[in-house]
Amino acid sequence: MKRLNKYISILTLTTSVLAFAACKPVSAPEGVGVGGAEPIDVATSEANDVTSAKAAHQAVITLDTHVDIPLTYMTPEMDPGTDTDAQVDLAKMEVGGLDAAFFIVYTPQTNILGANILEADIKYSEARAIAETRFAAIDKLTKTYPDRIELAKTADDVRRIHKSGKRAALIGMENAFPLGDSIDDVPKWAERGVRYMGITHMGHNQFGDSSNPKTQWGETENLYGGLSSLGKDLVVALNKAGIMVDVSHAAKSTMMQATALSSVPVIASHSGVMGVADSLRNLDDEQLRALADNGGVAQMVALGSYVKALSPAQEKFKADVRAQMGFEADTQIFKSDPEVISQYFKALEAMYDIDAKATVADYADHIDHAVKIAGIDHVGIASDFDGGGGITGWSDASETLNITKELVARGYSEADIEKIWGGNLLRVLQAVQKGADKAR
Ligand SMILES: [Zn+2]
């Protein structure tokens, strides 16, 4: 409760424009006016921005398309209805004005290359069990706290739930690995409420090439040169089921092929842009244009090292921490207990003593670039909280207003902000479901 009180007091403090203006140093930017009225004008315009940001934040639906959950989610160990150490729980969503989120059914991929059918079957059924656990937890969340959060399966659901004053929970599947060697389970997951599905994760899988091949498994850049033939079937099956195709984590070849093949718009559920930070996980301008042409949307990810590339010294520090903890790669960490995961991220914090962590301003640079290249109708927001996401100023869901403040400060109108904060994504969801209905 202590933690919650802290958030409430932060909110109370920022609720008063006067209080905000009073605690901000009243000074003109360098080189602007000497004496006279300018300093007060700056404070007034900042205060006006805060007022506009709060109004916009209140008016629009704020939708975060990527929130991870631990395997212990909805057990006494990690109950998001209570005060938790997680970056997203119900109280933090309420305090931060985060209206809706995709909660993620994530499954670590295991190495199936060279595995025989029996071995692969065992790996797939282990993955299926993990997916079932995470799905059951999200289901339990909405059933345990029906007065605070509700499962949304359509864009209209999200709007209706938002109007009722509750949070909306949507379900995304990080990667299709647990489907195994067929696409037969796609309708089952659609029925359960999964509304986007990623093709692959870190490492190539049975459906296609990843942006990050697992070199430790001997993977090279291309396994299929994009989608596998099962991957092509997957895109068609997702279209038919009304599930959005998610191209985050996919190799550029996979992403471009999936976008061309899909009969409806596709999304990148949590990716940054290469135009700002060079990372294999980010989208280049050609990919942004392809998403725009397809009518889709790129949800900018707030994961520090994708927002602002790590320096060589930081990379080395990270590798040392991983080696000390006995992990070969980041993805291995997510198979661990929440305590180990949290130890890992805590240990990584010291990396930002070497070079500063990405800020909300760095993050907004990705939004600006994506808007410039793809257009205002094709950009959105994703935190990747509890999966490595979080930057200075948006370190958990309680700080969500800071994103809107930055957008207002950069001159985005309320109509723009409505699109970026969820309107674009909901438009795509609606188009994908309409496409599926038509095909039926
Ligand atoms: Zn991810």
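Visitor: In which hand does H9 pass H10, left-handed or right-handed?
Guide: In this predicted model, helix H9 covers residues 252-261. The axes of H9 and H10 lie 10 Å apart. The crossing in which H9 passes H10 is left-handed.

Visitor: How are H9 and H10 oriented to each other, roughly parallel or roughly antiparallel?
Guide: H9 and H10 pack at an angle of about 15°. Angles under 35 degrees count as roughly parallel. H9 and H10 are therefore roughly parallel.

Visitor: Which residues in H10 does H9 meet?
Guide: From H9, the residues in this contact are Lys252, Met255, Met256 and Thr259. By class, the contact of H9 with H10 has 4 nonpolar, 2 polar and 2 charged residues. On the H10 side, the residues met are Glu286, Gln287, Ala290 and Leu291.

Visitor: What is the orientation of H10 and H16 to each other?
Guide: H10 spans residues 285-293 and H16 spans residues 360-374. Their axes come within 9 Å and cross at roughly 60°. H10 passes H16 in a right-handed crossing. The angle of roughly 60° therefore makes the two helices oblique.

Visitor: Which residues in H16 meet H10?
Guide: H10 brings Asp285, Leu288, Arg289 and Ala292 to this contact. The contact of H10 with H16 divides by class into 5 nonpolar, 1 polar and 2 charged residues. The residues in H16 are His369, Ala370, Ile373 and Ala374.

Visitor: What volume does the largest cavity have?
Guide: A search of the whole structure finds 2 cavities of 30 Å³ or more. Among the residues lining the largest cavity are Gly304, Ser305, Tyr352 and Ala358. The volume of the largest cavity is about 40 Å³.

Visitor: How many charged residues line the second largest cavity?
Guide: The second largest cavity has a volume of about 30 Å³. Its lining includes Gln109, Phe177, His204, Trp217 and Glu219. Glu counts as charged. By class, the lining residues divide into 4 nonpolar, 5 polar and, for the charged class, 1.

Definitions and conventions
Residues are numbered from 1 along each chain as its sequence is written. This is a predicted model: local features need pLDDT of at least 70, side-chain atom pairs count only at pLDDT 80 or more; totals for chains, interfaces and linings use all residues. Side-chain values use heavy atoms; hydrogens and water are left out. On a 1 Å grid over the protein atoms alone, a cavity is a set of points where a 1.4 Å probe fits but cannot get out, and a pocket is an open set with protein on both sides within 12 Å along at least five of seven lines; lining residues have an atom within 4 Å of a point. Grid points are joined across faces, edges and corners, and a volume is the space filled by probe spheres set on the points. Axes are lines fitted to C-alpha atoms, for helices over the stretch in contact, and angles run from 0 to 180 degrees between N-to-C directions. Helices (H or I, at least four residues) and strands (E, at least two) are DSSP runs, numbered from the N terminus. Angles under 35 degrees count as roughly parallel, over 145 as roughly antiparallel, 65 to 115 as roughly perpendicular and the rest as oblique. A crossing is left-handed if the near helix is turned anticlockwise from the far one by less than a right angle, and right-handed if clockwise. Contact means heavy atoms within 4.5 Å.
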